Amino acid sequence: MGAAYGLRVLRRACDAVLTLVLTITGLLAVTFALSSLSPIDPAIRLVGDHASADSYQQARRDLGLDQSWPVQFERYVGHALHGDFGVSTSTGQRVRDDLEGVFPATVELATIAMLVSAAVGLGFGLVGAWRRGGLIDALIRLLSLAGNSVPIFWLGLLSLYLFYAHLHWAAGPGRLDDAFEYSIDRVTGFVLIDTWRSGVPGAFSNAIAHLALPVLVLTANTIGNIARMTRAALLGEIAQEYVIVARAKGAGEARVMLAHILPNAAGTVLTVFGLSYARLLEGAVLTETVFAWPGIGRYLTTALFAADTPAILGATLVIGVCFVVLNRCTDLLIRAVDPRIL
Amino acid sequence: MAAEVPGTLVVAQSLDDVVSLDPAEGFELSSVQAFTSLYQRLVQSDPDRPGALRATLASDWKSGADGHSLVFTLRPGAVFSSGNALRPEDVVFSLQRAVRLNRSPAFILNELGWTAGNVDRFLVRIDDLHVGIRWPARVGSAFVLNVLSATVASIVDEQEVARHLVAGDAGNGWLHTHSAGSGPFRIRRYIPHEALVMDANPQAPLGAPLLKTVVIKNVADAASRRLLVEVGDADIARDLGPDQIAALRGKPDLQVLEYPSASLHYLLFNTANRANPVLGNPALWQAARWLIDYQGIAEQLLKRQYIVHQAFLAQGFPGALDTTPYHLDVAKARAILANAGIAPGTVIKLDVFNQPPFNEIAQSLQATFSQAGIRLQILPAVASEVYGKTRARTEEAVWLYWIPDYYDAHSTASAFAMNREDGTQSIAWRAGWHIPELSALTAAAVEEQDPAARAHLYEEIQTQVQRDSPFVIALQERAQLVMRNHVHGYRQGLTADMVYYDRVTR
Amino acid sequence: MSGAPRLLASADVRIGVSVLGMALLAALAAPWIAPFDPIAQDIGHRLSPPTLTHLLGTDGLGRDILSRLIYGTRPTFGLIALVAALTVPIGLTVGIVAGYCGGWLERLLMGITDIVMAFPTLVLALAFVGVMGPGLTNCALALALTGWPAYARLARTETLHMRSSDYLAAAEMHGIVGVRLLWGHVLPSCVPAMQIRLALDLAAIILAAAGLGFLGFGISPPTPEWGAMIADGSKVIFDQWWVAASPGAAILSLSLAFNLLADGLRDAGDPFHG
């Protein structure tokens, strides 16, 4: 019994790893194809339109563009396996260093937005399911739906205008005021941690002030799904037998909700959390543009416009891995929490 | 409002175009702008007297008798920001590496006939204070001085760079993100696509700057830049749209500054495009000159961010032709087209950059051209894509802008009025315009030593281009920026690199 | 209650359908309803605020915003129709075939589905449009490229459910096999989940297309398209807010309508599902 079980676990682990590898390779191949097919010529982007034909050819050689595609791809994968992701043509730095700089910025933003969305979304879903059909339910649903349906760049600009320009409640674009930006050591890349550790007065609260608006905008967009799915899952559970039994036994509404229904709905809820987090990590490209947030979404867009293949591949790799890993973790979590699924 | 740091100037602009801060490599608008603050050349444009050169790292120079050489006397006591003294070796090193690295701006030095193979023959250290420069190309010394005032000829601190060399890259890797110059500022930190932080260099020849720090922040979105300067988190905002600037005029804390700029907008027809033969018909080019709503675009659409200018040397450039014989006249255009037998309903594809103000200008063109029966199909695309098409000569019509590469008429003349038919991709070549006599005239102009005669030649060349070419030069940019009132002493010149922070105080 | 009556009883569905209906009507009747020609420029009256002549004001080139808004429904509907026509058939086919055939084919198809699902949507759409050029068809293709996996997954789940049920076994015993079986029996069971998913997706696609238009990859000017209109309006948003406000509100309404529709369908359908 033990051996068979162990073998199954091992087999599942191998499956997972194989899927991961295949997915990443597939993603890289498609991205590489698209990037290579792009009519944007990275050599022109690099040397500019006025450069001599000689400089242009030299740039093409330096970028390895004179090789055939399979050779280029093979070279890339070979280097990547050694941790060398090449040099970005638009920043001139190693892609690896670039990513180390931009990835924490997006992770920090996405994580905080996720935590706030999860808390508020869960709350909305709970209240909505509890007071089903009432005015509060309708209001909550409308608000969260609206948040989900609004173009995020529009919301971002409007909130910048209202809360930053008019009311001065929140700070402006960027992660920190210039007074702090260049005097804080970037140790972890997470601005909250770095400002806390630095001990510079006012830096930490400034970081929060800058985080406020982008988090608000991202949250508004994400709450909708979470609230809706939570509510649906809870409603699905409410109609089940064990709830009737619990109520018959005299348990109060709150207890029924929190101790019985929520754990069983956890499976669906966690799936939504996982999916929403993955989507937030996808770079929140437009949000990062409006708020001048130096994250991986903006890095990727800049790279796309410059046909900067090493940067595109590196950023896609990071995002893709996160996606897949997150999905896997969500799956595992669901299995752990919900005993009905095997 | 954000915390203010005394002595620090914050500039909000887009830094996304920067490829490298090595003066031998960087050639983008934001890069060359930075070079003026970080590096110095032997001679530079005088910020207070446009068109004149000011001795900077050279204190004097003498022309050689053969007309193909110059001897420069270096400024005594000049030091780099590292403390190293300026030596002739630095001059030789800087110019040689720029030619040998052969990156984007190298073509400027190639105009002197310098190549990677021969450049060491033409740069000579004469003694501790003198350096000799020779050139094989048939160009005059006035031209050479102008070339040496370009940012690619920035003098780099050889000894400092030697400490950061990596196998044969002449310091290019390190200079990507660090500076080793003698300019009024030096790089404290450069984070690509985020910010450039420059500290004052108190030892700068020609005087220390008045500010302690300049922070150039990358804010990609114009609306955000406008907000930053309005709220006070930025002291200067660049590249705002015409409507945003109009809205900010009259705000109590802000001033709108306008500087003439050498950036020209023009329409180009690719006469070599076989797929659409109407493009090769000079009547089309003639008609097009009467089909652009110059005034409407400059005054109303782009709210005076542009002026009407119809010759290839920008107003303010020595020798510029300021006559504007063309205006919107649909009836005239229709007559020209009818006479030439160009039927109404002709379709022409127009490539434009998919960013402001190009898409607005394109749509205005679409409206006016359609009144004469020409249907313009607008194809917006990213800049490098559009340039790629012109290099491959697959475009039909393009709306482009031109900025001179260095402060000499030849830079623009060799583009618009010269087609050497040898593969050199000048603008005339990209339009497939065959002009052997005009090219010869342009070549004679750059060789001419007498300034008055030279100016006269360029006037003649401009007139011909204005009258006969497949280009319609239409607008000249007026650079506008918004500055908070407490900022003083800012100066800006005609070309992209002429941005001066050294006299700024706040 | 069953089917349509139950659906229409839901307030969500009613609101969603009416908004969509109005938008569709606007798209079809645009030449008759719109007060002005959407591409007629009037530079003398650019950026004028809402007045009685121009109910929603004019944009940067003096074009009437209300007319552009009305005409803008056309590319929007064209786009979502195209995307739906691409993603749903491909996704359902892949999912049903995978679920029915099982074995290595299922693993292969589901593997591909997983891989495509791992692609970041907007980014890949950007890359695709960057390669193929801007335009309505390319936008639609770009968004469809990453949209079909969801349908494949749900179709496969449905098919697996049915495989283990008696319903299919009974049909097979009657001699209904192969494509007829899949088309006539398996496919219909996918429809409820597919409808909800589609409504949700279309809400997201409208936003994604607006995003692409905002970044400059939408339809060529001067055809009015809401995303591009917001891009134009965002430059002057702080002074002439109406230029970006109305297309933003239009996008919001349409997307909201689809979301409401999806919600209503889900509530009206089997609440234990999906």
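Keep in mind that the model is predicted.

Let's start inside chain A. Where they meet, domain 1 of chain A puts in 15 residues and domain 2 of chain A puts in 12. Look at the domain 1 side. Two helices, α1 (2–37) and α2 of chain A, each supply at least two residues there. The most comes from α1(A), with nine residues. By class, that side of domain 1 of chain A has nine nonpolar, four polar and two charged residues.

Next, chain A against chain B. Here 39 residues of chain A are in contact with 41 residues of chain B. Which elements of chain A give two or more residues to that side? They are α2 (42–47), α3 (53–62), α7 (152–166), α8 (178–181), α13 (285–290) and α14 (296–305). The class count for the chain A side is 19 nonpolar, 14 polar and six charged.

Now chain A against chain C. Chain A contributes 37 residues to this contact, and chain C contributes 34. On the chain A side, the elements giving two or more residues are α1, α6 (135–149), α7, α10 (203–238), α13, α14 and α15 (309–337). Which of them gives the most? That is α1(A), with nine residues. Recall that α1(A) also gives the most to the side of domain 1 of chain A that touches domain 2 of chain A. The residues of chain A that face chain C split into 23 nonpolar, 12 polar and two charged.

Last, a helix pair in chain C. Two packed helices are described by the angle between their axes and the distance between the axes. Take α4, residues 103–117, and α7, residues 149–163, both of chain C. Their axes come within 9 Å and cross at roughly 140°. Antiparallel would need an angle over 145 degrees. So α4(C) and α7(C) are oblique to each other. The crossing of α4(C) past α7(C) is left-handed.

Who makes the contact? From α4(C), Met110(C), Thr113(C), Val116(C) and Met117(C). From α7(C), Pro149(C), Ala152(C), Arg153(C) and Arg156(C). By class, the contact of α4(C) with α7(C) comprises five nonpolar residues, one polar and two charged.

Key. Residues are numbered from 1 along each chain as its sequence is written. Chains are lettered from A and ligands numbered from 1 in the order in which they are written. This is a predicted model: local features need pLDDT of at least 70, side-chain atom pairs count only at pLDDT 80 or more; totals for chains, interfaces and linings use all residues. Two residues are in contact if their C-beta atoms, placed from the backbone, lie within 7 Å. Helices (H or I, at least four residues) and strands (E, at least two) are DSSP runs, numbered from the N terminus. Ala, Val, Leu, Ile, Met, Phe, Trp, Tyr, Cys and Pro count as nonpolar, Asp, Glu, Lys and Arg as charged, and the others, Gly among them, as polar. Axes are lines fitted to C-alpha atoms, for helices over the stretch in contact, and angles run from 0 to 180 degrees between N-to-C directions. Angles under 35 degrees count as roughly parallel, over 145 as roughly antiparallel, 65 to 115 as roughly perpendicular and the rest as oblique. A crossing is left-handed if the near helix is turned anticlockwise from the far one by less than a right angle, and right-handed if clockwise.
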